[in-house]
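Visitor: Hello! Could you show me how to read a structure, step by step?
Guide: Gladly; let us look together.

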Amino acid sequence: MAYMITDDCASCGACVDECPNQAISEGDSKYVIDPTKCTECDGGEPKCASVCPSGACVPDPSHPRKQQ
């Protein structure tokens, strides 16, 4: 499942360097995750969520994990 960043984002940028696929970029008012690139952590603990101090990195219900 892809992750998304909620409006709770503090725009600290802690998640950016943790993403192995460079799926996170700075948006207008918060950081955003490109769901097409957010795949590397599938099955493991998401690196962005583990470092986010505001808990803004959460599973994105609009982009569930694809069945293999």
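Guide: Please keep in mind that the model is predicted.

Visitor: How many helices and strands does the protein have?
Guide: There are four strands and one helix.

Visitor: What does the radius of gyration say about the protein?
Guide: The idea is to set the value beside that of a compact globule with 68 residues, which would be near 11 Å. The protein has 11 Å, so the two agree. Along the principal axes, the C-alpha atoms fill a box of roughly 35 × 20 × 20 Å.

Visitor: What share of the residues is buried?
Guide: Buried residues account for 29% of the 68. As for the accessible surface, the total is about 4500 Å², and carbon and sulfur atoms hold 46% of that.

Visitor: How many positive and negative side chains are there?
Guide: The protein carries 5 positive and 11 negative side chains. The centres of these two sets are 8 Å apart.

Visitor: Now the cysteines. How many disulfides are there?
Guide: To count as a disulfide, two cysteine sulfur atoms must lie within 2.5 Å. By this rule, the count is zero. Take cysteine 57: the nearest cysteine sulfur belongs to cysteine 48 and is 3.9 Å away, and cysteine 57 is in no disulfide.

Visitor: Are cysteine 38 and cysteine 57 buried or exposed?
Guide: A residue is called buried when its relative accessible area is under 20%. Cysteine 38 has 18%, so it is buried. Cysteine 57 has 7% and therefore counts as buried too.

Visitor: Which residue other than glycine has a positive phi near 50°?
Guide: That is glutamine 22, found in the loop between S1 and S2. Glutamine 22 is exposed, because its relative accessible area is 59% and the cut-off for exposed is over 50%.

Visitor: Where is serine 11?
Guide: Serine 11 sits in the loop between strand S1 (3–5) and strand S2 (24–26). Its phi is positive, about 55°, although serine 11 is not a glycine. With a relative accessible area of 37%, serine 11 is partly exposed.

How values were computed
Residues numbered from 1 in each chain as written. Predicted model: local features only at pLDDT ≥ 70, side-chain atom pairs only at ≥ 80, totals over all residues. Heavy atoms only, no water. Buried < 20%, exposed > 50% of the residue type's maximum accessible area, 1.4 Å probe, protein only. Helix = DSSP H or I, 4+ residues; strand = E, 2+ residues; numbered from the N terminus. Rg over C-alpha atoms; globule rule 2.2 N^0.38 Å. Areas by Shrake-Rupley, 256 points an atom, 1.4 Å probe, with all protein chains shown as cover. Lys, Arg positive; Asp, Glu negative; His and termini not counted. Charge placed at Lys NZ, Arg CZ, Asp CG, Glu CD.
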